[in-house]
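Please work through the following exercises with the sequence and the coordinates at hand. Each task is followed by a solution in steps.

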Amino acid sequence: MNYQTTSRFLVPVHNPGDTLKSLLCHISNLPDIELSDMVIIDDGSTDGTSELLKRQFPEVKRIAGNGSLFWTGSMVAGMKSALDDQVDFIFWLNHDCQPVSGSADLLRKALKDPAVGCAGAWCRIKGYPEWPVNPGVYKNKEIGPLSAGEIRKVHGVNGNFVGFKADAIRKVGFPSPRKFPHYGDGPYTLQMGRSGYHVVVVASARANLEYEILRRLTPFWRVALSEFPVYYWLNYFLFNIKSRFHFKTAYFESRVYRPGLIGPIAYLKKMGFLIGEVIIGTVFKRIYDRAQIIAKCINTYAKEYPIKKLKLEIRAKSGE
């Protein structure tokens with residue numbers, strides 16, 4: 001079936017390097033996604049992304065940003081453009097996420113259910129197919145493993161590879177770039193569920209994700225494994241717009257996930273946890289040598305991540 005006139009796949013990028021080319025070459029070999037359905041939201045790249053698209057992928061549409069859209073603003077720009085084109089389905093797809101053949105069709109099939117407004121895939125860590133990435137949350141907790149062929153209703157999904165009904169977006173509106181420059185996926189899909197649509201994870205819809213484990217460790221381990229001082233990490237976590245603990249993003253996340261008076265309390269608790277983790281991590285690396293810290297970290301995450309990949313990342317990079 002040809003979905004060229006009914007789907008758009010939105011890919012936000014900022015200096016993606018060879019990863020974008022790899023994705024588009026991969027897409028060109030899939031039977032259920034057309035390159036002409038791809039929209040690259042190029043938020044101020046200076047690495048030749050525009051030239052790459054003109055030269056090798058002229059059928060791919062490009063929306064230009066000035067570097068201030070970030071992830072959520074880029075997605076909103078793409079969603080508005082797709083709605084103007086009167087498509088039926090709109091997909092979020094990160095440039096480091098390569099869908100498995102047939103998975104887009106599986107998400108479309110799920111979205112044909114009148115009750116479903118949003119359907120997410122179940123990603124795997126690229127190169128480690130036995131290691132799935134948690135695809136969503138239910139009652140503010142990770143949903144964990146899924147059964148083969150399962151379609152599970154959840155409260156929110158990760159934005160790596162997600163499909164939406166265009167009509168659901170028209171009803172619910174768009175994510176908020178002001179509140180969530182990054183990490184707008186969870187709050188938005190939660191909002192869609194609260195608006196009356198089902199949000200689901202389709203277990204058989206897969207994608208392979210370039211997954212950086214170090215970036216997902218707790219603040220304690222990130223500090224302990226790095227050579228940077230405490231003030232660097234406090235500045236990064238609290239004021240870097242790409243941090244999950246960014247003071248503004250964390251506040252609005254707390255308000256979204258825990259409405260009412262509980263939200264501000266949860267926010268203060270999260271900030272206290274962060275500062276404590278940074279301080280304890282700094283003390284920890286003064287007590288133990290680096291080899292001991294690495295061994296303890298690997299032991300801590302042995303059941304959560306592929307240890308071979310974690311070791312490689314630690315060896316290659318000790319901080320941001």
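The exercises below concern a predicted model.

**Exercise 1.** Determine which strands stand at the edges of the open three-stranded sheet.

*Solution.* The sheet has the strand order β9-β8-β11, with antiparallel pairing. In this order, β9 (141–142) and β11 (156–157) each have a single partner strand, so one side of each lacks a neighbour in the sheet; these are the edge strands. The pairing of β8 (residues 136–138) with β11 is antiparallel and runs over two bridges. Within this pairing, Val 137 has Gly 156 of β11 as its bridge partner.

**Exercise 2.** Classify Ile 275 as buried, partly exposed or exposed, and identify the surface patch to which Ile 275 belongs.

*Solution.* Ile 275 is located in helix α10 (residues 262–287). Its relative accessibility is 39%. Buried requires under 20% and exposed over 50%, so Ile 275 counts as partly exposed. Together with Ile 279, Val 283 and Ile 287, Ile 275 forms a nonpolar surface patch with about 350 Å² of accessible area in total.

**Exercise 3.** Describe the geometry of the ring pair formed by Phe 284 and Tyr 288, and state the exposure of each residue.

*Solution.* The whole structure contains 23 aromatic pairs.

**Exercise 4.** Which ring does Lys 270 lie over?

*Solution.* Lys 270 lies over the face of Phe 245, 5.3 Å from the ring centre. Phe 245 belongs to a cluster linked by ring pairs, which also includes Phe 228 and Trp 233.

Terms used: Residues numbered from 1 in each chain as written. Predicted model: local features only at pLDDT ≥ 70, side-chain atom pairs only at ≥ 80, totals over all residues. Heavy atoms only, no water. Patch = residues over 30% accessible without salt bridge, like charges linked within 9 Å, V, L, I, M, F, W, Y side chains within 5 Å. Areas by Shrake-Rupley, 256 points an atom, 1.4 Å probe, with all protein chains shown as cover. Salt bridge = Lys/Arg side-chain N within 4 Å of Asp/Glu carboxyl O. Helix = DSSP H or I, 4+ residues; strand = E, 2+ residues; numbered from the N terminus. Buried < 20%, exposed > 50% of the residue type's maximum accessible area, 1.4 Å probe, protein only. Pairing = 2+ DSSP bridges. Phe/Tyr/Trp six-rings, centres within 6.5 Å; stacked < 30°, edge-to-face > 60°. Lys NZ or Arg CZ within 6 Å of the ring centre and 35° of its normal.
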